[in-house]
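Reader: I would like to learn how to read the features of a model of this kind, with the cut-offs stated as we go. Could you take me through them one at a time?

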Amino acid sequence: MSTLTGRLQESWVKPVRPGMAAEPSPGPREPSPGPREPSPGPPERFLQEELGSDLKSSRKVEHLLHKLRDENAALEEQVLTVCSSVPPKVSAALSAAAQARCSLEDVLQRERGISSRLDQHLQRGRLWVDDLGQTLNQVDAIERPMKYLQCLQHIEELSASVQQCLMVNSVWDAIKAVDKLAALDSGLGQSGCRHLQDFLRETLCFWHNIVKDRLSSDFEKVLTQLQWPIISPSGPSLTPTPNSQEISSQLEVLVAQLLALQTSDDLISQRTAASCQSQAAVQTAAAAAPLAPVPALCLPIQIMLLPLAKRFRYHFYGNRQTNSLSKPEWYLTQVLLWIRNSSNFMEEKIQPVLDRADANISAKVELCRGLVSLVQEKVAGDASRMLYDDALFCHLVEEVLQFEKELRGNHSYPAVFPGLLHILLDDAVLQKWLAVEKKMAVEKMDTMLSSEGAWSSQYKDISDMDELKAPDCAETFMTLLQVITERYRALPCPSAQLKFLGLQRELVDDFRIRLTQVMKEESRCPLGVRYCAILNAVNYVSTILRDWGDDVFFLQLQQAGISLGEEGVLGSLGMMEVGRLASLEGSLFDGLLALLDRLKADMLGRLLESLMREITEKTRPYRQERWLSVPSQHDQSTMSLSSSACPMMLCVRDRLLNLHQVLSFSLFQLAWQGLAERLDNFLYQDVILSNHFSDGGAAQLQFDMTRNLFPLFGHYCKRPENFFKHVKEACIILCLNVGSAVLLRNVLKESEQEVNDGETAGDPPPESVLNEMGVYCLAPCDVLILLHLRASWPGQ
């Protein structure tokens, strides 16, 4: 009943929404505007849902009462169940937490105890460590002298072993002992025992030199029997001799023993080179550009080079006549001869021995390396003495380049090994080379521009070779640049190559300025032979530079300049221009080509202006012709060229022939096309638009143009009338029959009137009508003007 009572009370209570005031107490109210039917409240809806419309039915009330009692009992049971189950869970959780806390405190207590005992143990351990450290230091102090003495004893044992092996001729065992000394020396490299190191190195050098001298002596005897060195081209015969088998076996054993001694020899050589770098004895060699580290020569080849090195120093050092600064080709040629004469011997006698010894070495290349090192030292010393003599320096550079070319080409000297070009990359030598190249190029330009045949072509009598009609000065200049390119092309350093490229660009700009100066002197006669020769020179230089811009060598230099950021190459280019160069859309010569093209266009414009002045003077009678009074001639076959047009036609013909002879093909194409364009505009403006024409005059004009003027240009193209569009179309309009002319005039006037009135024409546009007549260039207004120039109209 309590549940039922509560639910009924809740049904009767009117809920109050948040934010709304409670319902005020009953009081006097204003009368409502009219009777309004009350809506059922929550209790009424509940009773209607449960009891229906029959509120007096006792059965339904009893059923509702039992239902509410069951719900109330179920709710009470649920509340009791929850209240009875929650406290045991909560108490269990609290109990577990208490136990965990106790366990944690226990663990913390144990940790503090263990930490305290550990600190005490560590304290005692530190005392033991300090005591043990002192003991170990004492042991080390006692052991170091013992190890020192043991090392000395080991050195003495190895030294005695080498001595004993040499006494019993056991060379292989001696070499092994020497290698052990070398390994010990490498192991003591970081040691602070300087005296021990010095003693070991002296011992190593002593026994190494003894073993090396002994092997070298035996090896030299075998080489003597093989008639080494080979000095002359007619060297010893390589056919087998009676004792060749014994000599070959001795050679193979000695080469293998010398190769086994290579490790200690390289170590000693490195020590010697490191100690000699700070001495003044190598100042001449230091003048050359630094070399990349290369492996040392193998010991057998070093011994084989000794007699050749002795001969080289005997002939090309000191006061000998063969030691001449003006004749570097003597020692360069001699070295090449030695390489050529010794190639067969090295490949047939030494290379098989090296291969059987599993030495990955080329005997011929090793010999070349040794001989080239002799030349490097000589060239580096001579180059420093020639910096103040241009003639000697130029000769040395030429000989060095020739030597390098033959060494790499004819003798297959690998590119990984340095030749002589690195000597020319030294800063002082390179700057001298650039200065000499510029000086000689400027002197050559002065000479060739002042010569008598500077502006004549050496191929003028050979039509197949004279398409560009380049004058001798331009061809000589570009040949000079090409020779400079061939000289620096082989340099192994892109930065140095870019310096020479900058010099070439500077020379091209200088030559352009000189051509401009000569052109201004000859500009009084633009149709003269020299003026046209200058124009040909400008065109020739620009053509060659465009070809160079597509050359692989210059494209590689272009990429190298961008990657290195060379200011001399990039100059003041912006990011866009640098991007074009990087994508190979432009070339390094674009700036020069723009200047040359501007000069070419200016010169061609001056030539055409002068030509038009001459032709204009010749056309004065033709312009004054009385076209209005020319009678009509129905028979076209009897027509002839107007007498007043003859001077103009002769002038055009002669000038075209002359330009065809003196200008290159590409320039002549530009010249006659430019002349045709200017002549078309001139005849249209000064002859056609300045006169009125009868039917006969229009026919005569058309005959003069189509049968006489246009064919003059027909020698150089298939359809010359396409270059005289204004004149051709004007003749079409002027020669229309009267009926067609009247219709065309009416159409054009109607179209013009509709345009002025703002109306849209329904008929085809006038342009389509003109196109059907063959008129494409002239506008409708121009056609109207031409129609007004006709004299014959109906009613006149």
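Author: Let us begin with burial: a residue is buried under 20% relative accessible area, exposed over 50%, and partly exposed in between, with a 1.4 Å probe and protein chains only. By that rule, 38% of the 796 residues of the protein chain count as buried. This is a predicted model, in which local features need pLDDT of at least 70 and side-chain atom pairs count only at pLDDT 80 or more, while totals for chains, interfaces and linings use all residues. Residues are numbered from 1 along each chain as its sequence is written, and side-chain values use heavy atoms, with hydrogens and water left out.

Reader: How many helices and strands does the protein chain have?

Author: Helices (H or I, at least four residues) and strands (E, at least two) are DSSP runs, numbered from the N terminus. Here the protein chain has 29 helices and zero strands.

Reader: At what angle do the axes of H5 and H6 cross?

Author: Axes are lines fitted to C-alpha atoms, for helices over the stretch in contact, and angles run from 0 to 180 degrees between N-to-C directions. The axes of helix H5 (residues 194-225) and helix H6 (residues 244-260) cross at roughly 145° and come within 10 Å.

Reader: Which residues of H5 and H6 meet there?

Author: Contact means heavy atoms within 4.5 Å. From H5, Leu 215, Asp 218, Phe 219, Val 222 and Gln 225 meet residues of H6 that include Ile 247, Leu 251 and Leu 258.

Reader: How are aromatic pairs to be read, and how many does a search of the whole structure find?

Author: Rings of Phe, Tyr and Trp (its six-membered ring) pair if their centres lie within 6.5 Å; planes under 30 degrees apart count as stacked, over 60 as edge-to-face and the rest as tilted. The search of the whole structure finds 23 aromatic pairs. In one of them, the rings of Phe 206 and Trp 207 have centres 4.8 Å apart and planes at 75°, so the pair is edge-to-face. Phe 206 counts as partly exposed at 47% relative accessibility, whereas Trp 207, at 8%, counts as buried.

Another pair, Phe 477 with Phe 511, is stacked, with 4.2 Å centre to centre and 10° between the planes. Because Phe 477 lies in helix H15 (residues 472-488) and Phe 511 in helix H16 (residues 494-522), this pair ties together parts that are 34 residues apart in sequence. Both Phe 477 and Phe 511 are buried.
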